[in-house]
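Visitor: I have not looked at this structure before. Could you take me through it slowly, one feature at a time?

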Amino acid sequence: MTMKNILVTGGAGFIGSNFIRMVLTEHPDCFVVNLDKLTYAGNLENLAEFHHHDRYQFVHGDICDSPLAVKFLLDQCQIDTIVNFAAESHVDRSITGPKIFIETNVAGTLNLLEAARDKKVDRFLQVSTDEVYGSLGSEGKFTEQTPLSPNSPYSASKAAADHLVRAFGHTWGLKYNITRCSNNYGPYQFPEKLIPLMIHNALHDKELPVYGDGMQVRDWLYVYDHCTAIWCVLDQAPPGEIYNIGGCNEKANLDVINLILGRVGKPTTLIRHVKDRPGHDRRYAIDAGKIMRQLGWKPSVTFEQGIARTIDWYLSNGKWLANVASGQYQQYYEKMYGNR
Ligand code: NAD
Ligand code: TYD
């Protein structure tokens with residue numbers, strides 16, 4: 001592979017920062033520019049050890065800024081590859097305020113696509129989600145052929161972005177890939193999502209809010225394994241291909257929560273069933289056969305190994321957790337869980 005100059009958008013968030021760490025650590029022929037707006041979910045602490053790295057540059061900016069600003073950046077840094085992680089990513093927030101999801105996830109992606117098309121980049125990789133496929137019953141898995149049927153404003157905005165990416169490929173020949181991954185967990189995840197929220201609350205002897213009956217199923221993948229899958233796609237995939245990514249780790253929410261409680265040594269009496277999420281998707285499950293067969297990708301850890309590593313990481317990074325769970329986070333928590 002030749003030298004890659006990669007523009008990573010949303011690289012100060014959970015998955016983006018893990019991706020940048022992997023690239024800078026394992027791929028010495030890559031230069032990374034991280035374009036991030038630093039919303040509540042973006043945190044420069046996630047990449048503190050790389051601030052002065054000679055193959056890394058942070059740019060504080062919004063993907064919704066004019067395409068001219070993005071084009072300027074592509075020129076200045078001679079970008080050949082774009083990986084678009086930047087997004088509003090939380091379903092619950094999309095239910096209380098959907099508009100910003102359309103602005104960032106749809107209009108922001110369109111902006112990047114226009115710049116990528118005009119600059120004729122070698123590859124545009126859209127980081128999408130399995131949630132664009134909607135919800136499953138108790139049988140079956142999502143394949144790349146499953147029709148898109150998004151149920152939340154979040155997943156609808158991600159599906160709209162996927163359609164735009166494909167349309168830019170069809171209409172202008174943009175060389176793109178789309179990856180659709182299942183739920184991620186691991187270090188640096190903001191404690192609004194299930195696993196870090198439950199770890200945080202358990203450590204502080206706070207109640208663990210379980211939506212509805214807690215028997216909804218998610219297909220969990222350790223974040224590093226999502227990052228290696230994205231790398232495989234960048235490195236080997238033909239343009240225009242879409243890949244599902246998942247680890248065959250279907251778990252009911254209550255099982256995940258009980259596992260966390262067991263590992264941190266807290267009682268199940270902390271569990272509190274609260275009002276369900278409106279339109280809550282019941283089950284996600286990914287068939288990742290295509291990326292495994294075509295690109296030789298496979299996850300490096302089992303769920304049991306990954307969750308143990310993750311809990312240990314939160315236990316030894318109490319300062320990081322305390323910092324992100326202070327200030328505005330308290331208001332967020334009160335708004336989301338106060339009356340539930
Ligand atoms: P995150 O919320 O942790 O991070 C999002 C990042 O994007 C933050 O750093 C934020 O500051 C930045 N951002 C938001 N709006 C921006 C804008 N307008 N311009 C520039 N930067 C902006 O999200 P995440 O969990 O790391 O998810 C990253 C991507 O992966 C998203 O596109 C999401 O849809 C997708 N995804 C996430 C999961 C998951 O389980 N978390 C699973 C599959 C796919
Ligand atoms: P989440 O981490 O928000 O991811 P997503 O909704 O995108 O799959 O939620 C994962 C599952 O956990 C989902 O079924 C909702 C549930 N959940 C709770 O039961 N309680 C909570 O406090 C949160 C944040 C999620």
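Visitor: Which residues come nearest to ligand 2?

Guide: A word on conventions comes before the answer: this is a predicted model, where local features need pLDDT of at least 70, side-chain atom pairs count only at pLDDT 80 or more, and totals for chains, interfaces and linings use all residues. Residues are numbered from 1 along each chain as its sequence is written, chains are lettered from A and ligands numbered from 1 in the order in which they are written, and side-chain values use heavy atoms, with hydrogens and water left out. A residue is near a molecule if one of its heavy atoms lies within 4 Å of it. Of the 19 residues around ligand 2, those that come nearest are Glu131, Arg218, Arg277, His280 and Tyr337.

Visitor: Which side chains have an N or O atom 2.5 Å from an oxygen atom of ligand 2?

Guide: A polar contact is a pair of N or O atoms within 3.5 Å. The side chain of Glu131 places an N or O atom 2.5 Å from an oxygen atom of ligand 2, and the side chain of Arg277 likewise has an N or O atom 2.5 Å from a ligand 2 oxygen. From the backbone, an N or O atom of Pro209 lies 2.8 Å from a nitrogen atom of ligand 2. The protein covers 98% of the 510 Å² of accessible area that ligand 2 has on its own, an area that comes from the Shrake-Rupley method with a 1.4 Å probe.

Visitor: How do the residues of the shell around ligand 2 divide?

Guide: Ala, Val, Leu, Ile, Met, Phe, Trp, Tyr, Cys and Pro count as nonpolar, Asp, Glu, Lys and Arg as charged, and the others, Gly among them, as polar. By that scheme the shell around ligand 2 has nine nonpolar, five polar and five charged residues.

Visitor: What surrounds ligand 1?

Guide: Ligand 1 has 28 residues around it, the closest being Ile15, Asp36, Ser89, Tyr154 and Lys158. An N or O atom in the side chain of Ser89 is 2.7 Å from an oxygen atom of ligand 1, while a backbone N or O atom of Ile63 lies 2.9 Å from a ligand 1 nitrogen. The protein covers 96% of the 830 Å² of accessible area that ligand 1 has on its own.

Visitor: Which element gives the most to the shell around ligand 1?

Guide: Helices (H or I, at least four residues) and strands (E, at least two) are DSSP runs, numbered from the N terminus. Strand 5 gives the most to the ligand 1 shell, with three residues.

Visitor: What is the order of the strands in the open sheet?

Guide: Two strands pair if DSSP finds at least two bridges between them. The open sheet has seven strands in the order 3-2-1-4-5-6-11, with parallel pairing. Strand 3 (56–60) and strand 11 (242–245) stand at the edges with a single partner strand each, so one side of each is left without a neighbour in the sheet.

Terms used:
A polar contact is a pair of N or O atoms within 3.5 Å; within protein, one must be able to donate a hydrogen and the other to accept it, and residues adjacent in sequence count only if both atoms are side-chain atoms.
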